[in-house]
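I opened this model to work through its sheets, a few loop residues and its pockets. My notes follow in the order I looked things up.

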Amino acid sequence: MSRLRPFAALALAATVALGLAACTGASAPAGSDTEGPTGSITVFAAASLQQTFTTLGKQFETANPGASIRFSFAGSSDLVTQIQNGAPADLFASADQANMAKLSSTDLASGSPRDFATNVLEIAVAPGNPKGITDLTDLTAPGVQLVTCAAPVPCGAATAKVESASGVDLEPVSEEQSVTDVLGKVESGQADAGLVYVTDVRGAGGKVDGVPFDESGKAVNTYPIGVLRESEDPALARAFSEYVRSAAGQRVLADAGFGKP
């Protein structure tokens with residue numbers, strides 16, 4: 001009898017171990033790493049974030065193979081309207097605090113949004129600056145075709161601020177719904193100049209030149225990011241938000257020309 005007891009003890013231990021594994025849902029093989037976040041989310045992000053967030057999404061998915069990050073890029077005001085009308089989204093990154101506040105004030109945002117970057121305006125011109133534009137005043141010269149963002153869009157609100165700070169009354173030939181549309185018109189030659197972000201000029205890869213101006217410092221846009229109340233996977237949305245604000249995320253943003261929040 002005494003020689004059978006060790007075997008009985010081993011059997012009992014194995015049974016207990018199996019029971020604990022079943023209770024905890026453990027299924028990873030021995031020695032495996034802790035699983036990262038999994039699932040799929042849709043991120044609504046300002047048009048000026050398209051290059052950086054695409055890069056950050058790929059990096060996040062590489063680090064977390066079970067996660068999938070989808071994006072919808074547009075002007076922040078348009079994205080807010082879509083969210084208010086019920087568009088499915090898990091996370092929103094705005095190019096200004098005013099548009100994020102619209103969601104927070106109607107309880108469409110979950111928790112408190114977090115600032116993650118800043119940006120300033122620059123004048124985008126054709127390569128070589130054929131019109132010889134050096135400041136905002138030059139944008140009012142006869143024959144200069146200027147495009148800007150519409151007022152509800154963050155880059156449009158920033159344009160209004162620099163106009164007020166400089167005393168220059170700009171008269172654009174068109175007002176666009178996103179900063180990428182402004183940039184596209186300068187790149188294609190449909191406009192001589194456009195007010196875009198520093199990051200847009202840098203990301204254009206030489207298709208435009210940038211002309212900095214002093215008044216840009218009067219209209220610094222702060223970018224917040226926040227999980228949305230109707231998110232189907234708030235844990236994954238928070239994880240990606242944290243990645244954007246992590247050291248790795250901040251390096252990608254800084255390389256693109258964004259400032260610290």
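Entry 1, a sheet. This is a predicted model. I traced an open sheet of five strands, ordered β2-β1-β3-β10-β4. Its pairing is mixed. I then checked the edges and found β2 (67-74) and β4 (109-119), each of which pairs on one side only. From one strand to the next, the twist averages 20°.

Next I looked at β1, residues 39-46. β1 runs parallel to β2, and eight bridges hold the pairing.

Entry 2, another open sheet. I read its strand order as β7-β6-β8-β5-β9, five strands with mixed pairing. Why is one side of β7 and of β9 left without a neighbour in the sheet? Both β7 (174-176) and β9 (209-211) stand at the edges with a single partner strand each, so one side of each has no neighbour there. With direction ignored, neighbouring strands of this sheet are turned by 35° against each other on average.

I looked up the pairing of β6 (residues 146-149) with β8 (residues 193-197). The two strands run parallel and are joined by two bridges. Leu-146 stands opposite Ala-193 of β8.

Two helices went into my notes here. Helix α5 (residues 154-166) packs on the sheet and touches β5 (121-125), β6 and β8. The direction of α5 makes about 100° with that of β5. Helix α6 (residues 179-187) lies across β5, β6, β7 and β8. I have α6 running at about 145° to β8.

I found Ser-231 in the loop between β10 and α8 (234-245). Is Ser-231 buried or exposed? Its relative accessibility is 11%. The cut-off for buried is under 20%, so Ser-231 counts as buried.

I then listed its polar partners. The side chain of Ser-231 makes a polar contact of 2.8 Å with the side chain of Asp-90. The Ser-231 side chain also reaches the backbone nitrogen of Asp-233, at 3.1 Å. Setting aside neighbours within four places in sequence, I have Ser-231 in contact with Ala-89, Asp-90 and Ala-237.

I read a relative accessible area of 46%, so Thr-38 is partly exposed. Beyond its neighbours within four places in sequence, Thr-38 contacts Gly-66, Ala-67, Asp-233 and Leu-236. I took the C-alpha to C-alpha distance from Thr-38 to Asp-233: 9.4 Å, across a sequence separation of 195 residues.

I get about 300 Å³ of space in the largest pocket. How many residues line it, and which lie nearest its centre? The lining has 18 residues, with Gln-51, Thr-199, Asp-200, Gly-203 and Ala-204 nearest the centre. I also checked which elements give two or more residues to this lining: α2 (50-63), α6, α7 (198-203) and α9 (247-255).

Key: Residues numbered from 1 in each chain as written. Predicted model: local features only at pLDDT ≥ 70, side-chain atom pairs only at ≥ 80, totals over all residues. Heavy atoms only, no water. Pairing = 2+ DSSP bridges. Helix = DSSP H or I, 4+ residues; strand = E, 2+ residues; numbered from the N terminus. Axes fitted to C-alpha atoms, helices over the stretch in contact; angles between N-to-C directions. Contact = heavy atoms within 4.5 Å. Buried < 20%, exposed > 50% of the residue type's maximum accessible area, 1.4 Å probe, protein only. Polar contact = N/O pair within 3.5 Å; in protein donor to acceptor, adjacent residues only side chain to side chain. 1 Å grid on protein atoms, 1.4 Å probe; cavity = no way out; pocket = protein on both sides within 12 Å on 5 of 7 lines; lining within 4 Å. Points joined across faces, edges and corners; volume = space filled by probe spheres on them.
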